[in-house]
Amino acid sequence: MFNKIYDSIKNFIINNYKFLIAWIIIVILFFYELPYVIYTPGGIVNLEERIVVDGEEDVTAGSLNMSYVSLVKGTIPMLLLSFVVPNWDILPSEEITREDESVDDLLELEKLYMKSSIDNATILAFREAGKELNITREVNNIVYIADEAETDLEMYDELLSVDEKNLATIDELRAYVNTLNEGDTVSILVNRDGKEKECSAKIYNTSDGLKVGISFLTTYEYETTPEIEVTTKNSESGSSGGLMLSLAIYNAIADEDITKGRTIVGTGTIDINGNVGEIDGVKYKLLGANKNNAEIFLCPMENYEEALEVKEEYDLDVEIHGVATFSEALEYLMNN
């Protein structure tokens, strides 16, 4: 019986070896990833279509849109295409990932950053619009562990306390660590996979002061009046849509329409205090915005000069405005 099976397999291989070799080559070409990624001009997301406010109808005359970059994994066919298609730029994977981190790991982390961005945008917009929002819980997940860190903490552990102290922000953790001494060990209570676990980290000295070698990201649970829902797609990630999310949520719950019938596109991170942060890939986001007939492009001040250079290089017909805060962006849209 075994000999018959063996002979059948052997004969199949002999008779079809060319097909099998071709199939293996195709699999390697389309699925094997080289250590590169490709940045391509993205598109825009109309945020009015993603925001649902209980009991309210969308009466926006224009649109507030989030721009995005398309990131393509470095398979051989995609890398070859990048030499032909305009504005497809190759980058080594190491430039966008940390050591021992894959592109898939990066995308998982970016999902958490998007959750934080939506939370920050919602809390900020409700506060600025004078609407009711009650934060019921803060969740601090570890998103970075330095190579130098001596700790048994793991990525995405939820940080509960440090030496039995509830430290709500990374600045509070930094301040507490700098009251201790190099070589001291702190006790860190975390939630890992639904169970509390006692971990530790040793304090070490750097040119920037004492550290334990971790960073965490805060997300929130909250209740709002009116109730609001922000929907996302599985393919979306990252924090660079924060500025536009905060403006779109504000526009959905405020009494006036800040779009004034215009197609407004933008990018930039946002924190809970309304500060707009620098982003990567402004070239690809601006090109995608222009392709979708943007009239105004908002960006962080740190990216403003680069955006102007891209506008001039490609002769784009779009008004670019740099902002440092949510308030600056809101004032500009309301007064122009």
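Let's begin with asparagine 275, which sits in the loop between strand S17 (269-270) and S18. Strands here are DSSP runs of E with at least two residues, helices are runs of H or I with at least four, and both are numbered from the N terminus. This is a predicted model, where local features need pLDDT of at least 70 and side-chain atom pairs count only at pLDDT 80 or more, while totals for chains, interfaces and linings use all residues. Residues are numbered from 1 along each chain as its sequence is written, and side-chain values use heavy atoms, with hydrogens and water left out.

Asparagine 275 is partly exposed, at 37% relative accessibility. For that scale, buried means under 20% relative accessible area, exposed means over 50%, and partly exposed lies in between, with a 1.4 Å probe and protein chains only. The C-alpha atom of asparagine 275 is 6.2 Å from that of alanine 324, although the two residues are 49 apart along the chain.

Moving along, aspartate 280 lies in the loop between strand S18 (276-277) and helix H6 (282-291). Is aspartate 280 buried or exposed? Aspartate 280 is exposed, with a relative accessible area of 61%. Aspartate 280 also belongs to a surface patch of negative charge, together with Glu278, Glu302, Glu305, Glu306, Glu309, Glu312 and Glu313. Patches take residues with over 30% relative accessible area and no salt bridge, joining like charges within 9 Å and nonpolar side chains (Val, Leu, Ile, Met, Phe, Trp, Tyr) within 5 Å. Asp and Glu count as negative, Lys and Arg as positive, and His and the chain ends are not counted. Each charge is placed at NZ of Lys, CZ of Arg, CG of Asp or CD of Glu. The areas come from the Shrake-Rupley method with a 1.4 Å probe, and for residues only the protein chains shown count as cover.

Now, helix H6 itself. Because 8 of its 10 residues are buried, H6 is largely enclosed by the rest of the structure. Among the buried ones are Val282, Tyr284 and Leu286, and also Lys283 and Lys285. Just after H6, asparagine 293 takes a positive phi of about 65 degrees.

On to salt bridges: how many are there? The count is 6, taking a side-chain nitrogen of Lys or Arg within 4 Å of a carboxyl oxygen of Asp or Glu. One of them joins aspartate 119 and lysine 115, at 2.7 Å from N to O. These two are 4 residues apart in helix H3 (residues 103-129), so about one helical turn separates them. Aspartate 119 is buried at 2%, whereas lysine 115 is partly exposed at 36%.

Another salt bridge pairs glutamate 221 with arginine 137, with the closest N and O atoms 3.1 Å apart. That pair links distant parts of the chain, 84 residues apart: glutamate 221 is in strand S14 (residues 214-225) and arginine 137 in strand S7 (residues 132-145). Both Arg137 and Glu221 are linked with Glu158 in a network of salt bridges.

Aspartate 157 and arginine 192 meet in a salt bridge too, at 2.8 Å from N to O. Aspartate 157 is buried, with a relative accessible area of 2%, and arginine 192 counts as buried at 14%.

Last, the cysteines. Cysteine 199 is buried at 3%, and cysteine 299 is buried at 0%. With a disulfide taken as a pair of cysteine sulfur atoms within 2.5 Å, the count comes to 0.
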